[in-house]
Amino acid sequence: MDEFRRVLLLGTGPVTVQLAVLFKNHFGSYLGIAGRISRRSELMMAALHADGNRLYTTVQNDSHRRLAGECRADEVFQGYRAVTGTWDTLIVSVTADAYLEVLRSLDTQLLTHVRCVILVSPTLGSNRLVHHYIQETGSKAEIISCSTYLGDTRWIDGMPSNNAITTGVKTKVFIGSSQPASHHLHPLKQLYDSLGIMLVAMGSPLEAESRNISLFVHPPLFMNSFSLKAIFDEDHSRKYVYKLFPEGPITPQLIHEMVECWRELSALLEALDLQSVNLLKFMTVDNYPVRAESLPQHIIECFDSLEPIHQEYLVYVRYASLLIDPFSEPDLEGRYYDFSAVPIQSVFRNREGVWDIPRMPKEDYYRIKIIQGIAGHMKVSCPTIDTFIDRYEQQLKRAAKALKGQPVSEAFHVRSFAGDIERICSNVKKLY
């Protein structure tokens with residue numbers, strides 16, 4: 001298809017591997033991959049080089065077998081500044097806080113030829129931010145925001161390579177374009193349809209971005225004392241993001257804060273003239289389903305009208321029901337796939353020997369600061385969101401003090417992200 005003839009994937013994570021296989025095999029794209037220079041990126045690039053630029057994906061459940069496959073990348077670039085050639089589509093598969101950094105690393109002449117930029121997992125306002133920068137370069141590229149990545153993809157052996165496994169697939173993904181008459185949405189819909197995923201076009205990119213489940217669940221999951229101790233290496237035993245206490249952070253208090261966060265985000269969306277979401281339906285129907293025995297459909301549908309304590313109970317049940325993948329095949333001993341066993345990653349020394357913070361919660365700090373900035377601009381009160389940020393920033397200060405004299409990344413600094421917020425809010429009428 002002409003719309004995706006020459007596709008350059010930016011990023012070297014497992015998501016890039018899965019998207020490369022899908023775009024190459026569905027569209028027959030001439031495919032390029034570029035990533036930053038880092039230890040993890042080098043491991044993936046080395047595996048690619050040793051295997052003739054081939055990439056492989058497998059799946060956890062047979063029902064998702066359409067995502068499994070392999071392909072060969074036509075070009076691989078180590079470092080964004082090394083990218084050459086003419087590309088009609090950029091697929092930005094890096095964290096939302098790195099969008100501008102990555103795009104600024106590309107030759108501006110290259111950007112003038114780009115017709116479409118796809119943001120795989122943006123945050124609220126990312127489309128506006130990227131569109132603002134792209135226009136400054138003289139490019140007229142269409143910017144497309146997906147609400148989120150289509151599933152859960154990990155490295156097959158836990159280490160970066162050219163081989164990834166997709167362990168979960170969403171039933172629905174939302175999408176929005178900076179151009180009302182987009183020629184790219186229909187072929188993307190055909191791709192998602194072939195995977196059994198409903199791709200829903202929204203009236204604006206911001207509306208699509210508001211359907212990212214991470215906005216609603218990551219701040220409470222990571223910005224609590226339990227998770228922060230695990231992240232900043234104050235608790236040396238392995239802890240897991242989606243498990244119940246004491247294996248993970250999920251407690252009734254955390255669920256209470258998650259539901260309060262949802263209420264505040266709903267108020268912000270309403271201020272932006274966007275429709276809010278039924279949190280429980282969003283979690284189950286639009287993201288990862290559970291068995292009807294755990295959460296009957298009629299209960300999910302009436303979630304918005306229930307009392308707060310009843311809502312919190314149901315969200316707790318949802319997380320308890322996803323401790324295992326309820327749709328996986330049990331082994332001979334009756335054990336299901338341990339879906340919730342996503343380790344909380346701790347601070348680490350990067351390739352340069354500098355202390356750094358893992359993507360979760362580093363990216364979530366950026367996401368929630370942007371939300372706080374938009375809320376402040378719209379004069380919407382968000383006390384729970386403010387509490388999450390205060391907790392995290394206090395932890396950053398403690399960690400930076402404990403590591404005084406040692407090299408640390410800028411992730412340990414309290415940030416305002418004022419420049420990004422100003423660009424996003426520069427013309428609030430264009431936000432929605």
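**Labels and their grounds**

Modeller: Let me begin with Lys379, which sits in the loop between α14 (359-378) and α15 (383-402). Helices are DSSP runs of H or I with at least four residues, strands are runs of E with at least two, and both are numbered from the N terminus. This is a predicted model, in which local features need pLDDT of at least 70, side-chain atom pairs count only at pLDDT 80 or more, and totals for chains, interfaces and linings use all residues. Residues are numbered from 1 along each chain as its sequence is written, and side-chain values use heavy atoms, leaving out hydrogens and water.

Biologist: Why does Lys379 count as exposed?
Modeller: Exposed means over 50% relative accessible area, buried under 20%, and partly exposed in between (1.4 Å probe, protein chains only). Lys379 has 75% relative accessibility, so it counts as exposed. Its phi is near 60°, a positive value in a residue other than glycine.

Biologist: And what makes Asn53 buried?
Modeller: Its relative accessible area is 18%, and the cut-off for buried is under 20%. Asn53 also has a positive phi, of about 65°, although it is not a glycine. You will find Asn53 in the loop between α2 (39-50) and β3 (54-59).

Biologist: Which residues of helix α5 are buried?
Modeller: In α5 (residues 126-136) they are Ser126, Asn127, Arg128, Leu129, Val130, Tyr133 and Ile134. After α5 comes Gly138, with a positive phi near 95°.

Biologist: What is the peptide bond from Phe245 to Pro246, cis or trans?
Modeller: That bond is cis, with omega near 10°. Pro246 lies in the loop between α9 (225-231) and α10 (252-271).

Biologist: How do you know whether the radius of gyration agrees with a compact globule?
Modeller: The radius is taken over C-alpha atoms, and the globule rule is 2.2 Å times the number of residues to the power 0.38. For 432 residues the rule gives a value near 22 Å, and the protein has 21 Å, so the two agree. The C-alpha atoms fill a box of roughly 55 × 55 × 50 Å along the principal axes.

Biologist: How many helices and strands are there, and what share of the residues is buried?
Modeller: There are 16 helices and 14 strands, and 56% of the 432 residues count as buried.

Biologist: What share of the contacts joins residues 24 or more positions apart?
Modeller: Contact means heavy atoms within 4.5 Å. Among contacts with a separation of 6 or more, 73% are between residues 24 or more positions apart.
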